[in-house]
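This briefing goes through the arrangement of strands, helices and chains, grouped by topic. Please keep the structure open alongside the text while reading.

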Protein chains: 2
Amino acid sequence: MSRLIVVSSDCHAGLPPERYREYLDPQHRATFDVALPVQIQMLQQASAKFLVADINREWRRGREADLAGAWDHNARLRVLDGDGIAGEVIFPDGITEMNTPPFGAGLSLPTEDVVPELQWAGARAHNRWLAELCAMAPQRRAGVAIVPALWDVDESVRELQWAREHGLRGVLLPCMWGKLAPYHHPKYDPLWAACQDLELVAHFHSGPAPAEDYFGGSMFAEGASLPGAVGIYISEVAWWNVRPLTFLIWGGIFERFPRLKVAITEGTSIWVPSYLELLDQRYSVTPYSAKLGDYTSHMSMKPSEYFARNVMVGASCMPRREAELRHEIGVGNIMWGSDYPHPEGSWPQTREQMVETFRGLPRAEIAAMVGGNAAAFYGFDGDALRRIADRVGPDHSMFAASTDR
Amino acid sequence: MSRLIVVSSDCHAGLPPERYREYLDPQHRATFDVALPVQIQMLQQASAKFLVADINREWRRGREADLAGAWDHNARLRVLDGDGIAGEVIFPDGITEMNTPPFGAGLSLPTEDVVPELQWAGARAHNRWLAELCAMAPQRRAGVAIVPALWDVDESVRELQWAREHGLRGVLLPCMWGKLAPYHHPKYDPLWAACQDLELVAHFHSGPAPAEDYFGGSMFAEGASLPGAVGIYISEVAWWNVRPLTFLIWGGIFERFPRLKVAITEGTSIWVPSYLELLDQRYSVTPYSAKLGDYTSHMSMKPSEYFARNVMVGASCMPRREAELRHEIGVGNIMWGSDYPHPEGSWPQTREQMVETFRGLPRAEIAAMVGGNAAAFYGFDGDALRRIADRVGPDHSMFAASTDR
């Protein structure tokens, strides 16, 4: 029993773009055939814009067989076993800027320059394939269905029912709403009701941000970008990922749907203490806010109390600093993640990076953050995870404090 | 010498709307006559939308003579003397949602639903009047010129020269750029050069935010607003105020203009430690960010170092918690403010609120935060301030720690 159950709250899977064709509804395949080369070209341009095409190509060299785990069942099992991971939560977009569903149905779920019907079609194609992938190892894989929920709430609720019936465990919602209704709008109540009743975790995953502000036009456009664009992007992107939570909390969503589960994934966890302090301070009416009238009576709890009860942080790529802040963040609200197979993730140095992050902390706290919290939140079968961990999990002794670090 | 020199880094002044007419260029007066009733109606609707018209009316009752200090020289001197304030930095928009310049030239400087030429005309009208107001007490008043800088950089630089020649000490820039170029764009370099060379502090003042996201349409539109709108607004508004700083730091503006002074005003100061930690962490390339390529070599210092050297926080309505965090924020970067004559400000309880915030702290630190920092940053005449403070300033003994609090 000295091996830890590790659950990665943030992994990715996706087919090579051309292979989504067979999962699409037949009426969209002709459009797919026309759009595919354009999509591939745009993804390549975005990679060039970030000036990282060479870096990523270098990183991938010699790892092709393991990266195939982005879509291949057996390769994926082998890689996760090697990384010591018993269970995983699976988002779209397998390898960064590749393996993304068609028609703008990938992680960022934009609301501009997409056709809603096609985006839905791309999302459904991915969800069908993902359900198959998860069914091959249902005790280890919690799949997250893509749901472009901003266009039509009824259609979204139907997709949630489909996801539940096909064994998926959560839904990915757009972080940014563009000109559509933000998440405090009461029109979304049936969506939250369905998440709660079907026990599907609602996810916001880091990535989207107003790239046109940073790069002087679309991230996909040709041409030189503005100085500092990348620095601004990586400084702001977590805020855009957390932003929906501000709308959910103040909108009273957790008041009306007390069993709703929300995960904020790959947006770091360092923002949590100051964010909750800010919201609680705003919730406690002060002389400075009295002029605003009543804006709290629809909420029976403080923002930090809703957070503690309803929200988990998918803490991918978790640095030591965040482990040190675990009590301010909430030990029970942190879920470590490996971000496989993304190059910013911990794979293939997961053990080393885990040790760097968690060394010397109390065993029970490590166990909660690297797996126990996620296992409970997503409803994994604990006995099944234990059997897998006994074979592949890291030994707790590796976290023993050592004086030379 | 036991009286403290107090400088408010955040006060407001503005004419009753109809009195801006005489300060407008003559060719815009006919348009002004048509627009004035519409402006007044929109401001009243906004007040009603926030459900605060009654609260503000009640707050103003019996204070009319003192609130006239929003535009009246003698009333203003009397009120500031009574509040113990020797010097002040003056922004537009005298009394909240009233006394704002015409044509969208007030604090929020929107880029939509305005005509650039008219917004400029409104700004110039205010700047002319403000220069007169400041000239009546130049040792006590540092006026901030309104500069809608996003439309035309050359025109902005000319207004900066006018402001300098007419004794103003800073410029107010829009926090939000809409569809125009953000502040890391090199086209703004002449603006930063002019701020630096003319010794004008560049300001971003809290207030603007994407109200259409919160209220389901313009803040000025009729109709019921969405639940939680006010809570979201007050939770996000400081972020929108700080956002330009992220673009300035990563854009290398402080690298190219090392003597540029920037103040972030009325956005609280509680964000500073976590903000700087985030930016410094992003600046230090990690395994997680290596895939992004080189995005730091144009900056010779860490983001927190630029902040310490170039940026001050106008900490209006400063709660005790922020005084406790002063070393993490930077004792030398905090400038207390009263926000007179806004109802969320400390007036007319300035002494009581100052004591609540600063009681028991070291004298030198209090002196720096309540006045010394601002006096140096804005170039006030220290001897003149001392003479005024000897007459009106609060006695330091009021900050002595007491055990019953």
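Which residue of strand 3 of chain A does Val89(A) stand opposite? In this predicted model, Val89(A) stands opposite Ala142(A), and the points below set that pair within its strand, then turn to the sheet, the helices and the contact between the chains.

**Strand 3 of chain A**

- Strand 2 (residues 87–91) of chain A pairs with strand 3 of chain A in the parallel sense, over 3 bridges.
- Strand 3 of chain A is likewise joined to strand 4 (residues 170–172) of chain A by 3 bridges, and these two strands run parallel; within strand 4 of chain A, Leu172(A) is the bridge partner of Ile146(A).
- Strand 3 (residues 141–146) of chain A is mostly covered, with 6 of its 6 residues buried.
- In a regular strand the side chains alternate between the two faces of the sheet.
- Arg141(A), Gly143(A) and Ala145(A) point one way from strand 3 of chain A, while Ala142(A), Val144(A) and Ile146(A) point the other way, and all are buried.

**The sheet of chain B**

- In chain B, 8 strands form an open sheet with parallel pairing, in the order 1-2-3-4-5-6-7-8.
- Strand 1 (7–12) and strand 8 (334–337) of chain B lie at the edges with a single partner strand each, so one side of each has no neighbour in the sheet.
- From one strand to the next, the twist averages 25 degrees.
- Helix 16 (residues 363–378) of chain B packs on the sheet, where the strands it touches include strand 1, strand 2 (87–91) and strand 8 of chain B, and its direction makes about 110 degrees with that of strand 8 of chain B.
- Strand 3 (residues 141–146) and strand 4 (residues 170–172) of chain B run parallel and are joined by 3 bridges, with Ala145(B) standing opposite Val171(B).

- Ala86(B) is placed in the loop between helix 4 (73–83) and strand 2 of chain B.
- Because 27 other C-beta atoms lie within 10 Å, Ala86(B) is buried.
- Leaving aside residues up to four places away in sequence, Ala86(B) touches several residues, among them Ile5(B), Val7(B), Arg140(B), Leu385(B) and Val392(B).
- Arg61(B) is 25 residues from Ala86(B) along the chain, and the C-alpha atoms of the two are separated by 26 Å.

**Helices 6 and 7 of chain B**

- The axes of helix 6 (residues 153–165) and helix 7 (residues 189–197) of chain B come within 9 Å and cross at roughly 10 degrees, which means that helix 6 of chain B is roughly parallel to helix 7 of chain B.
- Val153(B), Ser156(B), Val157(B) and Leu160(B) of helix 6 meet Pro190(B), Leu191(B), Ala194(B) and Cys195(B) of helix 7; by class, this contact has 7 nonpolar, 1 polar and no charged residues.

**The two chains together**

- The contact between the chains takes 43 residues from chain A and 42 residues from chain B.
- On the side of chain A that touches chain B, helix 2 (53–60), helix 9 (229–250) and helix 11 (272–283) of chain A each supply at least two residues, and helix 9 of chain A gives the largest share, 10 residues.
- The residues on that side of chain A divide into 23 nonpolar, 15 polar and 5 charged.
- Of the interface residues of chain A, 98% are also interface residues in chain B, so the copies meet through the same surface.

Notes. Residues numbered from 1 in each chain as written. Chains lettered and ligands numbered in written order. Predicted model: local features only at pLDDT ≥ 70, side-chain atom pairs only at ≥ 80, totals over all residues. Pairing = 2+ DSSP bridges. Helix = DSSP H or I, 4+ residues; strand = E, 2+ residues; numbered from the N terminus. Axes fitted to C-alpha atoms, helices over the stretch in contact; angles between N-to-C directions. Contact = placed C-beta atoms within 7 Å. Parallel < 35°, antiparallel > 145°, perpendicular 65-115°, else oblique. Nonpolar A, V, L, I, M, F, W, Y, C, P; charged D, E, K, R; others polar. Buried ≥ 20, exposed ≤ 12 C-beta atoms within 10 Å, placed from the backbone.
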